[in-house]
Amino acid sequence: MTLEIAVFLSMNGKAGEAIAFYKQHLQAEELLLVTYADMIQRDPSMELTEENKNHISHSVLQIGNTKVMIAEETMEPNEKYQAGNNFSLCIQSADLTEINRFYQNVTSDTRVKIIRPLSANMFSDAYAIVRDPFGVDIQLMYDPRLS
């Protein structure tokens with residue numbers, strides 16, 4: 001498998017509670033959990049405080065055959081949290097060409113808002129966030145571990 005789509009949930013500061021809930025009630029298996037304190041080691045520009053050090057920067061749960069990703073903040077951190085901007089689709093592929101093609105295809109539509117242009121970051125050689133014409137945020141990410 002080289003391609004998967006996961007649901008990404010932003011939990012407005014309650015990611016830890018949500019993860020515990022899904023583990024308890026949906027038998028979710030925790031595959032990854034990264035706190036803000038963990039992230040500061042990768043990105044020293046992050047602002048780490050006593051209040052946010054245990055917040056969840058990123059997590060991955062497995063529920064059956066589906067992955068659910070959970071974090072504290074919305075895709076656009078300056079945006080006020082509200083129902084509707086608290087979820088996104090995360091399209092991941094082990095094929096870098098495929099991610100580039102998806103990005104070029106989706107951004108060719110003038111109604112699409114580019115939140116984060118496709119570029120390398122600390123966890124992927126190709127990562128982008130766009131908002132489709134229907135208000136759905138879509139993350140595109142190259143992940144060679146899927147091959």
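## A walk through the predicted model

T35 lies in strand β2. Residues are numbered from 1 along each chain as its sequence is written, and side-chain values use heavy atoms, with hydrogens and water left out.

Stay with T35 for a moment. Its relative accessibility is 13%, so T35 counts as buried. The cut-offs are these: buried is under 20% relative accessible area, exposed is over 50%, and partly exposed is in between, with a 1.4 Å probe and protein chains only. Leaving aside residues up to four places away in sequence, T35 touches K53, N54, H55, I56 and S57. A contact means heavy atoms within 4.5 Å.

Now turn to helix α1, residues 15-26. At 1.5 Å a residue, its 12 residues should span 16 Å, and the end C-alpha atoms are 15 Å apart, which agrees. The expected span is 1.5 Å times one less than the number of residues. Which residues of α1 are buried? They are A15, A18, I19 and Y22. These residues cover an arc of only 100° around the axis, which puts them on the same side of α1. The arc is taken from the directions from the helix axis to the C-beta atoms. The face turned away from that buried side carries the exposed residues E17 and Q24.

N12 sits in the loop between β1 and α1. N12 is not a glycine, yet its phi is positive, about 55°. At 45% relative accessibility, N12 counts as partly exposed. Q27 follows α1, and its phi is also positive. For Q27 the value is near 50°.

Helix α3, residues 96-107, has 12 residues too. From first C-alpha to last, α3 reaches 17 Å, close to the 16 Å expected at 1.5 Å a residue. Its buried residues include E98, I99 and Y103. They cover an arc of only 135° around the axis, which puts them on the same side of α3. What do the buried residues of α3 pack against? The partners are β1, β5 (87-93), β6 (113-119), β7 and β8.

Next come the charged pairs. Side chains of opposite charge can pair when their charged atoms come close. The structure holds 7 salt bridges. A salt bridge is a side-chain nitrogen of Lys or Arg within 4 Å of a carboxyl oxygen of Asp or Glu. One of them joins E4 and K67, with the closest N and O atoms 3.3 Å apart. This pair links distant parts of the chain: E4 is in strand β1, K67 is in strand β4, and 63 residues separate them. E4 counts as buried at 12% relative accessibility, whereas K67 is partly exposed at 22%.

Another salt bridge pairs R111 with D109, where the closest N and O atoms are 2.9 Å apart. R111 is exposed, with 53% relative accessibility. D109 is partly exposed, with a relative accessible area of 25%. Is the pair of D137 and R131 buried or exposed? Both residues are buried. They form a salt bridge with the closest N and O atoms 2.5 Å apart.

The loop between β7 (127-131) and β8 (137-142) holds G135. G135 is partly exposed, with a relative accessible area of 34%. G135 and N85 are 50 residues apart along the chain, and their C-alpha atoms are separated by 7.8 Å.

Finish at the surface. I5, V7 and L89 form a nonpolar patch there, with about 230 Å² of accessible area together. V7 is in strand β1 and is partly exposed at 32% relative accessible area. Patches are made of residues with over 30% relative accessible area and no salt bridge; like charges are joined within 9 Å, and nonpolar side chains (Val, Leu, Ile, Met, Phe, Trp, Tyr) within 5 Å. Accessible areas come from the Shrake-Rupley method with a 1.4 Å probe, and for residues only the protein chains shown count as cover.

Conventions
Predicted model: local features only at pLDDT ≥ 70, side-chain atom pairs only at ≥ 80, totals over all residues. Helix = DSSP H or I, 4+ residues; strand = E, 2+ residues; numbered from the N terminus.
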